[in-house]
Amino acid sequence: MDVTKASNDKEHAWFWLVAGGVLSVAILLFLFAYQQSQAPPPEAQHVHVHEHMSMPMAQEMSPARQAKIQVDKNESEFNHHLAGLFVALAGVFILSQGILVKRWVAVKYAWPACFLLSGIFVLVWSDTELWPFGHRGWLEALRNNREVLQHKVFAVLLLALGVIEWRRASGVLKAIWSGWVFPALAIGGSLLLLFHQHEGGMHGPNHMELMARIQSEHLSYAVTGIGIGLAKGLAEVNTRFRGVFSKSWPLLMTVLGVLLMFYRE
């Protein structure tokens, strides 16, 4: 019976490794093809630059508009930095949990709490043009603004992970499926990052370079997030490498948090 179980565990591990490798290659190929299809030909770029230089007044923005763009930029960077701090703290708590729990049992709830706090923050404060901070309604913004909708989806994913992992830490939730929620949502959320957009980067004379940098940053987040999901899934499988994966996914979480804290637009 033990031999059969070990064999099944190895099969699961190999399945996740192969599936993860295929998925990662497919994502990179898709992203490359997408970027190639979106990139204008050199002639079009030359025309765009020429038109931009020949019509400077049409491209100029009012001081009020420039101030609004700067406020949105500062808000976006702060949101990424704070979310990154929560993610990095969660990774650190997981890595040190074995030592700290011996002295403070409540530490086992620390990293799920980081996800809950991050989810609440993203849900409420990620778009301050919405009520109660701004005049815009939630339903209208969710229907007409993809960036707002994506922010709220990320918030729901963070809250779902926080609630499930909190219940697992408390021993209330013991179902086998609960251990696979984190890998699934981590990979799903990372894939969603590949399609995340920032309206603040679509303005100004250097908006092409800005959008390229934002896309590059989000690609690094997505790749790291996929690595977290795969490592967490493999840590749930009872193999001789389980200890390695158990340390790898919180370490990658810490890396992701640090990357988010260095986000800039």
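H4 passes H11 in a left-handed crossing. In this predicted model, the axes of the two helices come within 7 Å and cross at roughly 160°. An angle over 145° counts as roughly antiparallel, and H4 is therefore roughly antiparallel to H11. On the H4 side, the contact is made by His-80, His-81, Gly-84, Leu-85, Val-87, Ala-88, Ala-90, Gly-91, Val-92, Ile-94 and Leu-95. H11 contributes Lys-247, Trp-249, Pro-250, Leu-251, Met-253, Thr-254, Leu-256, Gly-257, Val-258, Leu-260 and Met-261. By class, this contact of H4 with H11 has 15 nonpolar, six polar and one charged residues.

H11 also packs against H10. Their axes come within 8 Å and cross at roughly 160°. H10 and H11 are therefore roughly antiparallel to each other. Their crossing is left-handed. From H10, the contact draws on Ser-220, Tyr-221, Thr-224, Gly-227, Ile-228, Ala-231, Lys-232, Leu-234 and Ala-235. From H11 come Arg-242, Phe-245, Ser-246, Ser-248, Trp-249, Leu-252, Met-253, Leu-256, Leu-259 and Leu-260. Twelve nonpolar, five polar and two charged residues make up the contact of H10 with H11. Trp-249, Met-253, Leu-256 and Leu-260 of H11 take part in the contact with H10 and in the contact with H4.

H10 has a further partner in H9. These helices pack at an angle of about 165°, with their axes 8 Å apart. H9 and H10 are therefore roughly antiparallel to each other. The crossing of H9 and H10 is left-handed. H9 brings Gly-179, Trp-180, Phe-182, Pro-183, Ala-186, Ile-187, Ser-190, Leu-191 and Leu-193 to the contact. H10 meets them with His-218, Tyr-221, Ala-222, Gly-225, Ile-226, Ile-228, Gly-229, Leu-230, Lys-232 and Gly-233. The contact of H9 with H10 has twelve nonpolar, six polar and one charged residues. Tyr-221, Ile-228 and Lys-232 of H10 touch H9 and also belong to the contact with H11.

The largest pocket holds about 1,200 Å³ of space. Its lining numbers 48 residues, and those closest to its centre are His-80, Val-122, His-151, Phe-154 and His-196. At least two lining residues come from each of H4 (63-95), H6 (110-125), H8 (146-170), H9 (178-193), H10 (207-235) and H11 (242-261). H4 gives the most, with twelve residues. The lining divides into 21 nonpolar, 16 polar and eleven charged residues.

Most peptide bonds are trans. The bond from Trp-131 to Pro-132 is cis, with omega near 10°. Pro-132 lies in the loop between H6 and H7 (138-144).

Technical notes: Residues numbered from 1 in each chain as written. Predicted model: local features only at pLDDT ≥ 70, side-chain atom pairs only at ≥ 80, totals over all residues. Heavy atoms only, no water. 1 Å grid on protein atoms, 1.4 Å probe; cavity = no way out; pocket = protein on both sides within 12 Å on 5 of 7 lines; lining within 4 Å. Points joined across faces, edges and corners; volume = space filled by probe spheres on them. Helix = DSSP H or I, 4+ residues; strand = E, 2+ residues; numbered from the N terminus. Nonpolar A, V, L, I, M, F, W, Y, C, P; charged D, E, K, R; others polar. Axes fitted to C-alpha atoms, helices over the stretch in contact; angles between N-to-C directions. Parallel < 35°, antiparallel > 145°, perpendicular 65-115°, else oblique. Left-handed = near helix turned anticlockwise from the far one by under 90°. Contact = heavy atoms within 4.5 Å.
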